Amino acid sequence: MSKETLRVAVLGGGSFGTALASIASVGGATVRQWMRDASLVERINRERRNDRYLPDFEIDPGVVASTELEFVLEQAALVLVAIPSKAFRQVVRQAAPWIGAETILVSTTKGIEEHGFRLMSEILAEETTSRHIGVLSGPNLAAEVARRQLTASVIASDDDLTRAQVQRVLSCEYFRVYASNDRYGVELGGALKNIYAIAAGMAHALGMGENTKSMLITRALAEMSRFAVSQGANPMTFLGLAGVGDLIVTCSSKLSRNFRVGLAMGEGMSLDAAVEGLGQVAEGVNTVRLIYAKSQREGIYMPLVDGLYHVMFEGVAPSEMARALMRSDHSSDVEFTLSREEARRAHQRLDQGPIP
Ligand SMILES: NC(=O)C1=CN([C@@H]2O[C@H](COP(=O)(O)OP(=O)(O)OC[C@H]3O[C@@H](n4cnc5c(N)ncnc54)[C@H](O)[C@@H]3O)[C@@H](O)[C@H]2O)C=CC1
Ligand SMILES: O=C(CO)COP(=O)(O)O
């Protein structure tokens, strides 16, 4: 089917769903966008503006917003799901009757479900009959995408049709889509980097220098990779846009909501007040809790997650998080060349007495 006649449905009326709907429409697809707020639907269709989530952005005239799932999903060949993780399963379950085995179904959500530790594409597989499931993830701040800043993303799927179709539908002069066959790794990268964006926001608020920020981002990558390996994932995926790419942008920009939560807490605000003030989703808040619990249960060494958890949920001062990192064991830089165990063994030998 040509791009011009392809029907695309976007589920979610937030900033990212809105930016993606316009990209697909600019490229020639017929786009319908679902959201639950009827007054926002009415304003989008009348004024071409999502004044709640992306006020400065003019929505492409081809996008039609609606609160009716059946209307939005009717004959859709590609469905993009941009719903926060907390409501993701519930919305997909509602949509499932209009999603067939041949519908291409792609999650753009960077979170983890609390019960059962499910990633969003796993929910898509559980709740629908679609045989074409993928994940879109990368350094994609919605506000910059909306401003047509040159941006790249990754479509990850083990299904080649899904990869190719998403590349075609979402590629335009300012948005480029690369392909990956590691759905799990790409999705995990998108969820994990939110944790470190909160830590980076705190570091920024505390006036930490560029050395410190660089250390934080690089050790975050080491920690994410260690977690990925513990779950049987391929850490090489984290070298791409959906790993280190997204980590860099989210840890460096005030446009990131997760960064802003950390910034507010670093300036002395409580977690509740920081989230309340944001008025949008910051997936990392929940992800910190889930990853902390899992790392404790499974004995995965994650000093940044550990420190951040204690700051966010147990009232420890943000400055303590950085100090704890400096006090942790002497360790290895890149664990794929020198393992943590190897680095530790040399210290054990030194502890045993002077080397003859
Ligand atoms: N905004 C961004 O820069 C990017 C966001 N993402 C991811 O996209 C996902 C969605 O985020 P945004 O669009 O930014 O969210 P947002 O915070 O801008 O908006 C959230 C949207 O979800 C809707 N929603 C919340 N609960 C709902 C429910 N129970 N039923 C129906 N709709 C509900 C809200 O009404 C709103 O339209 C997040 O997981 C985020 O990590 C990914 C890349 C970039
Ligand atoms: O994922 C994002 C950029 O790639 C958006 O990050 P925030 O959810 O922190 O705003």
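Q: How many residues surround ligand 2, and which are the closest?
A: In this predicted model, ligand 2 has 13 residues around it, and the closest are Asn140, Leu141, Ser256, Arg257 and Asn258. Helix 8 (183-205), helix 10 (241-252) and helix 11 (257-266) are the elements that give two or more residues to that shell. Helix 10 gives the most, with three residues.

Q: What classes do the residues of the shell around ligand 2 divide into?
A: Sort them by side-chain class and you get four nonpolar, five polar and four charged. As for domains, domain 1 (3-181) and domain 2 (191-347) each put at least three residues into the shell around ligand 2.

Q: Where does the UniProt annotation "active site" fall?
A: The unreviewed UniProt entry puts that label on Lys193. Lysine 193 is found in helix 8, one of the elements that give two or more residues to the shell around ligand 2.

Q: Is lysine 193 buried or exposed?
A: Count neighbours: 20 or more other C-beta atoms within 10 Å makes a residue buried. Lysine 193 has 33, so it's buried. Leaving out residues up to four places away in sequence, lysine 193 touches Asp246, Leu247 and Thr250.

Q: How many residues surround ligand 1?
A: There are 27, and the closest are Gly13, Gly14, Ala87, Ala142 and Gln280. Helix 1 (15-26) and helix 4 (85-95) each supply at least two residues of this shell, with helix 4 giving the most, four residues. By class, the shell around ligand 1 has 11 nonpolar, 12 polar and four charged residues.

Key. Residues are numbered from 1 along each chain as its sequence is written. Chains are lettered from A and ligands numbered from 1 in the order in which they are written. This is a predicted model: local features need pLDDT of at least 70, side-chain atom pairs count only at pLDDT 80 or more; totals for chains, interfaces and linings use all residues. A residue is near a molecule or strand if its C-beta atom, placed from the backbone, lies within 6 Å of it. Ala, Val, Leu, Ile, Met, Phe, Trp, Tyr, Cys and Pro count as nonpolar, Asp, Glu, Lys and Arg as charged, and the others, Gly among them, as polar. Domain bounds come from an automatic or database domain assignment. UniProt positions are given in the numbering used here, feature names are shortened, and annotations may be inferred rather than shown by experiment. A residue is buried if 20 or more other C-beta atoms lie within 10 Å of its own, exposed if 12 or fewer, and partly exposed in between; C-beta atoms are placed from the backbone. Two residues are in contact if their C-beta atoms, placed from the backbone, lie within 7 Å.
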